[in-house]
Protein chains: 2
Amino acid sequence: MSKEDIGITVSKEADFSEWYTQVVLKAKLADYAPVKGLIVLRPDGYSIWESLRNTFDEKFFKKGIRNGFLPILIPESLLGKEQKHFAGFNPEVFWVTHSGENEIGDRLALRPTSETLAYTMYSKWIQSWRDLPLKINFWNTALRAEIKATKPFLRTSEFLWQEGHTVHAIKEEAEKEVIEILEIYKNTVQDELAIPVVTGKKSEKEKFVGAVYTTTMESIMPDGKALQMGTSHFLGQNFSIPFEVKFSDKDNVEQFAWQTSWGVSWRLIGAMIMVHGDDKGLVLPPKVAPIQVVIVPIYKSDDAKNVIFPKLNEIRQQLESKKIRVHVDDRNELTPGYKFNDWELKGIPLRIEIGPKDIEKQQIVLAKRYNREKISIGFNEIEKISTILDEIQKDMLEIAKVKAKQNTINISEYSEFKSKIGKGGFFNAYWCGKTECEEKIKEETGADIRVIPFGSENTNGKCIYCNEQSKETPIFARGY
Amino acid sequence: MSKEDIGITVSKEADFSEWYTQVVLKAKLADYAPVKGLIVLRPDGYSIWESLRNTFDEKFFKKGIRNGFLPILIPESLLGKEQKHFAGFNPEVFWVTHSGENEIGDRLALRPTSETLAYTMYSKWIQSWRDLPLKINFWNTALRAEIKATKPFLRTSEFLWQEGHTVHAIKEEAEKEVIEILEIYKNTVQDELAIPVVTGKKSEKEKFVGAVYTTTMESIMPDGKALQMGTSHFLGQNFSIPFEVKFSDKDNVEQFAWQTSWGVSWRLIGAMIMVHGDDKGLVLPPKVAPIQVVIVPIYKSDDAKNVIFPKLNEIRQQLESKKIRVHVDDRNELTPGYKFNDWELKGIPLRIEIGPKDIEKQQIVLAKRYNREKISIGFNEIEKISTILDEIQKDMLEIAKVKAKQNTINISEYSEFKSKIGKGGFFNAYWCGKTECEEKIKEETGADIRVIPFGSENTNGKCIYCNEQSKETPIFARGY
Ligand SMILES: [Zn+2]
Ligand SMILES: [Zn+2]
């Protein structure tokens, strides 16, 4: 393979979509499976998911949420129990009709989401107020047949996600849970993936089918399109009534419970790639990087090698003792230049270079991936590397925030809306609250309401479409 | 509910099968899903699986094995690429034939196992000897339509498992991997679940369809039936040839690679329940227990409660600081007796009782779940509890070893074999190595060769069936 074939061959600016696909494949995060719409995660891709899972698990556990397992098959009759919900998912359901040679009577859906199955179980498990709140999270996959072109992490027919399902005796407690989960989502995405998000509500039109309302976090991607990063739904009693999720309260009166559901998927990894990547490839935030520091020894002779490696191993041990994930690239047959490109493509946050001259000077060279800055530090300053990684993590978020801000515009004229929408961006615009205006805007511009940010109630402006009194200021954008 | 309804209503001795089901359901480990053959894992059940997963992950990682993700859908054409393999799984495959309203051309199998899919990917990823060894593990589920009655963890149509798939340049290296994985399985099952196992090879008849040979670990259950606890297969080049898993060696010559695959499933949890449980319910080994120590305060008045709780909280903190998983049962409306039964049913390894008299005596009462022994220790001896939990873990394994030994018999006469097989057990018996004898024995007694223990080659005896020269001494048993 030539050097070009190995590296990314298009710029992020010139062809964002092709750039994205190349980064995913060439950084070996994922690959296409033999079935259209499906992808395989290679270890470097899956480990990012594992890192997110561990962070979420820790935060969920502190809130009294525990994990469970649900099977992937849901009978058609059960999926149809909440009608709107079923109508929403039906066109994209994979159906199992046979086991071996035998036809199955009530055909089986591959889980598009698990509300119906989880709540069938919950209605058996919950009898009394003592059984509440019940909070279970499921790390599984969901399947929804995608007819559009596959895009790893963003548009696939099977995707990894977590879906949480909680049940409460008190309405307000359930609504509080919805918001607290959204907060966990927001903090985790910002702190771990260094991506800023906007949180708020979905419009009636865009809410989850079956929810009373949906809260969401949205991010703006470098191509100006919006990406839904996670949602947390207040289900009210919309499911507890048909699924009979009931409990006896303290006065022994039977009540229908209040419910929430919420989820994030591996599209978070897609967002991370898009937001931070550059023309050299992937750029990983240190917190989720499978390797945080790669050490590349630089030598031309065995003598030099023998001088370098004892010190190099010492540094490796120092870093490991600080719980830093280190890798030594000791491949003999490759040049340092090749190795630099390789690890840059893979987005490793920090590279240590160490050659005979560095040994003389009692120093190492550090190369930061995200801004490609190089600095030297002395052998006695190795412990600074923890701090440097933390700084990289913070800087990456700050840079992403600045870019997101640049891509967010206040728009007050519909003509301006239409002329600028082609370039993308988050558009803050007044809205009367009517679905009619929302649909017209979508029809004429391709933009929908991504999120009505918390605290964006507004009665001073006029709806961007119909000029009537504004109720709130949503963010409009074209989305993924 | 009456007390009887809550507790286990049959003895393990009298009706093992019913006892097992009651323990699973009443200890709230799992429940039946709406589709026949499928179960749901409740948090207490799933957390045992998570604990095993974490242990295996740590051990796999040290061996350079990393995790990945494979989709659940495999095209029929791909599954059929290795013929024997396909024939083995075909009768139990779930088939997806439609997505939404559309019929799918090449119908899709729900993964019964992932060799075919993994190796299709591997053949793309491996070009050179530098890409080897490639070692990836997948934590997922497998689906195999079960027609027999569902038995949670033991016989279900979808089950949680891990499947590891490695590729090597050198045959011997692959064979070494097979054995090292089996060792990890054995140590983990013994150390974490306190279950002794016998390791060795499967016979030709019982090996994995598509393998050159299969190594296995088997355990004897209290009802005398054998349970296969995990298998590790040497695949040779049986898959690398049809799937073209090839590499250029150091001399630039193209070679077919050598492969292994291996897996354990949630049936390990089933084994744990069967081996350790008793008439009061589940008995959990401390290492995998979601709660290791439950503290039950004993009081009749608020005054007493106010005396107990400060000390109780102090003890809780002391234990938590030692990373012990503690739970305080502060349910006000329930009696201590009810709570004792509840936690015994759930198998929590150690219970701390603390009442006003204990406060006076500066002591707490410890009740061990596995042998129901009670001891008192002083407030100044709390740190002993770590050691006590370790001892419980060891004792449980020792007891299980004694029972397994009692259930293992040397048999030299076929008449004795036939008369004793009804009572179950592991039968060590000479065998000539011919599948014919193996099949006859199975036909006439229901027992098959579970495992040919490593080092059991034997040329001094006569085959239990045909009286010809013995080649090895397998363990025969009826199995799950
Ligand atoms: Zn309007
Ligand atoms: Zn024979």
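Relative accessible area decides the wording used here: under 20% is buried, over 50% is exposed, and in between is partly exposed (1.4 Å probe, protein chains only). This is a predicted model, in which local features need pLDDT of at least 70 and side-chain atom pairs pLDDT 80 or more, while totals for chains, interfaces and linings use all residues. Residues are numbered from 1 along each chain as written, chains are lettered from A and ligands numbered from 1 in the order written, and side-chain values use heavy atoms, without hydrogens or water.

**View 1. A:Lys280 and A:Glu344 form a salt bridge.** The closest N and O atoms of A:Lys280 and A:Glu344 are 3.5 Å apart (a salt bridge is a Lys or Arg side-chain nitrogen within 4 Å of an Asp or Glu carboxyl oxygen). This pair links distant parts of chain A: A:Lys280 is in the loop between helix 8 (267-276) and strand 15 (293-297), and A:Glu344, 64 residues away, is in helix 10 (residues 336-345). Helices (DSSP H or I, at least four residues) and strands (E, at least two) are numbered from the N terminus. Are the two partners buried or exposed? A:Lys280 counts as partly exposed because its relative accessibility is 29%, whereas A:Glu344, at 10%, counts as buried. Over all chains, a search of the whole structure finds 66 salt bridges.

**View 2. B:Glu344 has salt bridges to B:Arg351 and B:Arg372.** The side chains of B:Glu344 and B:Arg351 meet at 3.0 Å, N to O, and both residues are buried. For B:Glu344 and B:Arg372, the closest N and O atoms are also 3.0 Å apart. B:Arg372 is partly exposed, with a relative accessible area of 45%, but B:Glu344 counts as buried at 11%. Over in chain A, salt bridges that share partners join A:Lys280, A:Glu344, A:Arg351, A:Glu353, A:Arg372 and A:Lys374 into one network.

**View 3. Four cysteines of chain A hold the zinc ion (ligand 1).** Which protein atoms are its donors? They are the SG atoms of A:Cys432, A:Cys437, A:Cys463 and A:Cys466, lying 2.3 Å from the zinc ion (donors are N, O and S atoms within 2.8 Å of the metal, or 3.2 Å for Na, K and Ca; water is not among the atoms, so sites may look incomplete). The site is tetrahedral, with angles of 105 to 118 degrees among its 4 donor atoms (for four donors, all angles must lie between 85 and 135 degrees). The donor residues follow the spacing C-x4-C-x25-C-x2-C. A:Cys437 is in helix 14 (residues 435-445) and A:Cys466 in the loop between strand 22 (448-453) and strand 23 (475-477) of chain A, so the pair ties together parts 29 residues apart in sequence. A:Cys437 is buried, at 5%, and A:Cys466 is partly exposed, at 27%.

**View 4. Chain B provides the donors for the zinc ion (ligand 2).** B:Cys432, B:Cys437, B:Cys463 and B:Cys466 each coordinate this ion through SG, at 2.3 Å. The arrangement is tetrahedral because the 4 donor atoms subtend angles of 106 to 119 degrees. B:Cys432, in the loop between strand 21 (426-428) and helix 14 (435-445), and B:Cys463, in the loop between strand 22 (448-453) and strand 23 (475-477), are 31 residues apart and link distant parts of chain B. Both residues are buried: B:Cys432 has a relative accessible area of 5% and B:Cys463 has 1%.

**View 5. B:Ile452 is found in strand 22 of chain B.** B:Ile452 is buried, with a relative accessible area of 9%. Leaving out residues up to four places away in sequence, B:Ile452 touches B:Gly200, B:Lys201, B:Lys202, B:Ser203, B:Trp431, B:Glu472 and B:Pro474 (contact means heavy atoms within 4.5 Å).

**View 6. Helix 2 (residues 16-26) of chain A contains buried residues.** A:Phe16, A:Trp19, A:Tyr20, A:Thr21, A:Gln22, A:Val23 and A:Val24 are buried in this helix. Strand 1 (30-32) and helix 8 of chain A are among what covers them. After helix 2 comes A:Lys28, with a positive phi near 60 degrees.

Terms used
Tetrahedral: all angles 85-135°; square planar, octahedral: opposite > 155°, others 65-115°.
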